Structure formats: structure tokens, C-alpha cells
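The sequence and the structure come first.

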Amino acid sequence: MALSIVHFPHPTLRHRSRPIVRVDARLREMAAEMLDLMYEHEGVGLAANQVDLPIRMFVANPSGKRGEGEEWIVINPVIDRPKGNEAGQEGCLSVPGLFAQVKRPKKVRLQGYDLSGNEINKELDGFLARVVQHEVDHLDGVMFFDRIGDEAKREIEGGLAEFQTTFESLQDTGSIPANEKLAEQLAVWEKAYT
Ligand SMILES: [Zn+2]
């Protein structure tokens with residue numbers, strides 16, 4: 001099975017994912033595929049919800065380039081100890097071409113696990129802190145534009161409406177399964193990994 005990135009308003013983007021309780025070869029393969037997709041689409045982060053998987057895992061590399069910067073695969077991430085506040089531009093591979101200024105804590109602590117079960121516990125700052133907060137939001141079904149003011153929202157609402165129209169026509173023609181079918185598939189993944 002090849003993973004692909006789903007676009008807004010795919011329902012899995014609004015799904016609150018459950019923690020992973022099982023790591024197997026297939027899950028490791030999916031994490032590797034997520035990194036491939038992230039680099040291919042010139043992103044700096046990708047959450048499992050964005051590839052239609054209802055599990056708490058994300059990949060990231062703030063450099064956006066394979067072999068450069070710091071590459072992350074994080075399972076069951078938890079963020080706490082927010083400090084400060086900073087606005088910065090964000091985009092998302094699930095709404096390519098749309099950007100907005102998003103205000104977030106400047107520093108956070110990230111806890112979680114890597115694919116080998118090693119614990120991650122790091123204080124993050126700046127752009128990496130922003131990327132990780134954006135990705136953990138995805139696992140809770142939250143999009144970056146849920147966190148912007150009405151004025152900023154108005155600027156991208158035309159773009160969001162276009163994504164909505166495209167998604168609906170892809171579902172009408174059967175290129176994307178109906179929401180009930182999508183929910184059935186999520187339940188299968190949840191049973192296997194959460
Ligand atoms: Zn995103």
C-alpha cells in the first residue's frame with residue numbers, strides 16, 4: 001500500500017488520533033514513507049492524519065532536505081511547558097499554497113518515543129518548536145487556520161473553499177471514497193495499532 005497526502009477537508013484531518021500501542025515492520029515502513037512524501041512535497045513536517053492514518057505519529061525535519069538538518073520520527077508525542085509567544089508564517093501540505101501567520105508558544109517541551117522505543121524528552125525553541133506544535137495539532141484534528149483570527153481567515157477562505165469544492169467533486173466521482181468508507185478504514189487501522 002502506498003501512502004499519499006490527503007487534502008482539506010478530508011475527514012481524517014479532523015480525527016483525534018489515539019496513541020500507538022504496537023510498532024511493527026509495517027509501521028516503520030509507513031514512517032519511512034511519510035518522510036519520503038514530506039521531502040518530495042518540500043514540507044518540513046507531516047503527521048499521520050495527513051496520510052489518512054489515525055495514529056499518533058509525525059515526522060519532521062526543519063531543514064526540509066534529506067541528509068541535512070535534524071530528522072524526527074516521533075510516536076505518541078506530548079507537548080507541555082509552553083513559554084513565550086511568537087507569530088510566524090505557516091503552511092500545510094494538506095492545503096498547499098495557503099499560508100497564514102499563526103501565534104504559538106515560542107518554546108515547548110516535547111516528550112514521546114522513537115521507533116525503537118527510546119524516550120524523547122527535549123526542550124524545543126523557534127522554528128522546530130513551531131513545526132512540532134503544528135504536527136501535534138494534526139493528531140488532534142486541528143489545522144493551523146483554526147488558530148488564526150477572523151481577518152487572517154478571510155484572506156484564505158477563498159482558497160479553502162476551492163479545496164472544499166475539489167474534494168467534493170473527487171468524492172462525487174468516486175476517486176475518493178465516501179465518508180462512511182473512510183471511517184471504516186480508520187477503524188481497521190485503529191484496531192491494528194491503537
Ligand atoms: Zn500541516
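## Annotated residues and their surroundings

Leaving out residues up to four places away in sequence, His-138 touches Ala-47, Asn-49, Gln-50 and Phe-58. The model in which these contacts are found is a predicted one. His-138 belongs to helix α2. It is buried, because 24 other C-beta atoms lie within 10 Å, and 20 or more are enough for that label.

His-138 is also part of a record: an unreviewed UniProt entry gives the feature "binding site" at Cys-92, His-134 and His-138. These residues are spread over 47 residues of sequence, yet they cluster in space, with a largest C-alpha distance of 10.2 Å.

His-134 is likewise found in helix α2. With neighbours within four places in sequence set aside, its contacts are Gly-45, Glu-90 and Phe-144.

The unreviewed UniProt entry also carries the annotation "active site", which covers Glu-135. Glu-135 lies in helix α2, which is made up of residues 126–139. Beyond residues up to four places away in sequence, Glu-135 touches Gly-45, Ala-47, Phe-58 and Ala-60.

| Residue | C-beta neighbours within 10 Å | Class |
|---|---|---|
| His-134 | 24 neighbours | buried |
| Glu-135 | 25 neighbours | buried |

## Helix α1

Helix α1 covers residues 25–40.

Which residues of α1 are buried? They are Met-30, Ala-31, Met-34 and Met-38. Seen down the helix axis, the buried residues of α1 fall within an arc of 100°, and therefore line one face of the helix. They pack against the strands β1 (45–47), β2 (57–60) and β3 (72–83). On the other side of α1, Ala-25, Arg-26, Glu-29 and Glu-40 are exposed. After α1 comes Glu-42, which has a positive phi near 55°.

## Strand pairing

Strands β2 and β3 are paired antiparallel, over four bridges. Across this pairing, Ala-60 stands opposite Trp-72 in β3. Ala-60 was named above among the contacts of Glu-135.

Strand β3 is also joined to strand β6 (residues 107–113) by five bridges, again in the antiparallel sense. Here Val-78 has Gln-111 in β6 as its bridge partner.

Notes. Residues numbered from 1 in each chain as written. Predicted model: local features only at pLDDT ≥ 70, side-chain atom pairs only at ≥ 80, totals over all residues. UniProt positions renumbered as here; feature names shortened; annotations may be inferred. Helix = DSSP H or I, 4+ residues; strand = E, 2+ residues; numbered from the N terminus. Buried ≥ 20, exposed ≤ 12 C-beta atoms within 10 Å, placed from the backbone. Contact = placed C-beta atoms within 7 Å. Expected span 1.5 Å × (residues − 1). Arc of directions from axis to C-beta. Pairing = 2+ DSSP bridges.
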